[in-house]
Amino acid sequence: MTRLRSAAPRALLALALALAGCAGQAAAPARPLAVRPVAWPPSAGLGPVRAVADDGRRVVLFHDGAAAVFVDGALARVERAPHRWVSAAALPAPDGHGTWIVGVDAEGRLLRLPGQGAFEPVADRYGLERAPVRAALGLGGGGAPVAGGAAFALDGEIAVADGATVTRYATGPLEAFAAGGGRVAFALGDGLRALDVATRALRSYPLPDGPAPLLAVTGAGRLLAATPAALYEEDAAGVLRLRLRASAALHALAVAGDRVWFADGDELGVLDATGARETRGARLPRGGKLIGSPGGDVWLLASGALRRFSAGDGDAAPAWDDLAPVVARACAPCHLPGGEGGVDLSTPAAWTTTTTLRESIARRVLEERTMPPPGRPLSEADRARIRAFVGRPGPAGSP
């Protein structure tokens, strides 16, 4: 990767190319949101979780001194490392080939966890030289990285790698930092900024006085900003529009696939084109962090404890992330592409696009119970997930 370093003094950042106001009226969420906890195997004995990186297939949980690697929902390995982690991310590789899982430690080091082997420092691969890294984010959408695009929060600077160059901008101390959809958003003491990586155009947004806002950027590049009292979303004209007034206090925000998740007091919420929905009586811990998963689920990390949630209606079929661990454990030995079973069951499309196949799965797995073969047992909870996914009603009293 060719490296190009440039810096702009903080005063120049104030010369934004457009100034957008906050407008619109919105009420507190009126519609209830049903969420479903997603079962996740524990990485026993590793202590509190400090950070999570999720690229859709791999999930890495970062603990002090170790990282647990899950592939398709199953624990693949544990890598020991003498680091105190503060954040993690799935980033596009600097050469644009593949995705890297990286962690940022308390000393500002950026370290990659390869598919096999120990952590390795990679700040120089992104043109960051010896600058301490405080956070790293992909420039893709909804938690999914895109080739060659990454942004980094440094001490008083941001650095943007677009796959060909690395450009550094002097900002002064950052109060918040987000990236997605080819844009980087950050909060300074005097307001918000959003940088378009391709054009280097900079937009400025005022927000009401108060604590530093929460920031997120969607896969389409729309900025979201939240104060404890309200959530704003950028419209097509570049104006921050009020989308939600908090029922209690907004304290976490994340983009996951096509969804925007937020935490309002001890409730979880989702914002989409139809408006906002919130859980009722979820009683989630306050002060936690939300981390989006590319498939649309959200992780809640609070006081070292990690939970995962999927949004939907009470009788909706489960998300693929619910079913994938069952498939990996019971079906994958025979039903990967080219497997001896002759049928690929490794993707959501394989389970949902062919009625004949769904009927066959329902008959053999749920009714005859001749699949999977001996040695790969399914629990009743596993069968309930399969039953819902293939759209077959269960017998009276079944889970």
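This is a predicted model: local features need pLDDT of at least 70, side-chain atom pairs count only at pLDDT 80 or more; totals for chains, interfaces and linings use all residues.
1. Phe62, at 0% relative accessibility, counts as buried. Trp85 has a relative accessibility of 4%, so Trp85 counts as buried too. Phe62, Trp85 and Phe119 make up one aromatic cluster.

2. The search over the whole structure gives five aromatic pairs. In one of them, Phe62 and Trp85, the ring centres are 5.1 Å apart and the planes stand at 75°, so this pair is edge-to-face; the cut-off for that label is over 60 degrees. Phe62 belongs to strand S6 (residues 58–63) and Trp85 to strand S9 (residues 85–92), so the contact ties together parts that are 23 residues apart in sequence.

3. How do the rings of Trp85 and Phe119 stand to each other? Their centres are 4.8 Å apart and their planes are at 40°, so this pair is classed as tilted. It links distant parts of the chain, 34 residues apart: Trp85 is in strand S9, while Phe119 is in the loop between strand S11 (110–113) and strand S12 (120–121).

4. Elsewhere in the chain, four strands form an open sheet with antiparallel pairing, in the order S13-S14-S15-S16. Strand S13 (133–138) and strand S16 (166–170) are at the edges; each has a single partner strand, so one side of each has no neighbour in the sheet. On average, neighbouring strands of this sheet are turned by 15° against each other, with direction ignored.

5. Within that sheet, strand S14 (residues 150–154) pairs with strand S15 (residues 157–161) in the antiparallel sense, over four bridges. Ala153 has Ile158, in S15, as its bridge partner. In general terms, strands of a sheet pair through backbone hydrogen bonds, either parallel or antiparallel.

6. The second largest pocket holds about 320 Å³ of space. It is lined by 19 residues, and those closest to its centre are His335, Leu345, Arg364, Val365 and Met371. Helix H2 (320–335) and helix H4 (355–367) are the elements that give two or more residues to this lining. Which element gives the most to the lining? H4 does, with five residues. By class, the lining of this pocket has 14 nonpolar, three polar and two charged residues.

7. How many cavities of 30 Å³ or more does a search of the whole structure find? There is one. The largest cavity holds about 40 Å³ of space. Its lining consists of His251, Ala263, Gly265, Asp266, Glu267, Leu268, Leu284, Pro285, Leu290 and Leu300. These lining residues divide into six nonpolar, two polar and two charged.

Definitions and conventions: Residues are numbered from 1 along each chain as its sequence is written. Side-chain values use heavy atoms; hydrogens and water are left out. Two strands pair if DSSP finds at least two bridges between them. Axes are lines fitted to C-alpha atoms, for helices over the stretch in contact, and angles run from 0 to 180 degrees between N-to-C directions. Rings of Phe, Tyr and Trp (its six-membered ring) pair if their centres lie within 6.5 Å; planes under 30 degrees apart count as stacked, over 60 as edge-to-face and the rest as tilted. Buried means under 20% relative accessible area, exposed over 50%, partly exposed in between (1.4 Å probe, protein chains only). On a 1 Å grid over the protein atoms alone, a cavity is a set of points where a 1.4 Å probe fits but cannot get out, and a pocket is an open set with protein on both sides within 12 Å along at least five of seven lines; lining residues have an atom within 4 Å of a point. Grid points are joined across faces, edges and corners, and a volume is the space filled by probe spheres set on the points. Ala, Val, Leu, Ile, Met, Phe, Trp, Tyr, Cys and Pro count as nonpolar, Asp, Glu, Lys and Arg as charged, and the others, Gly among them, as polar.
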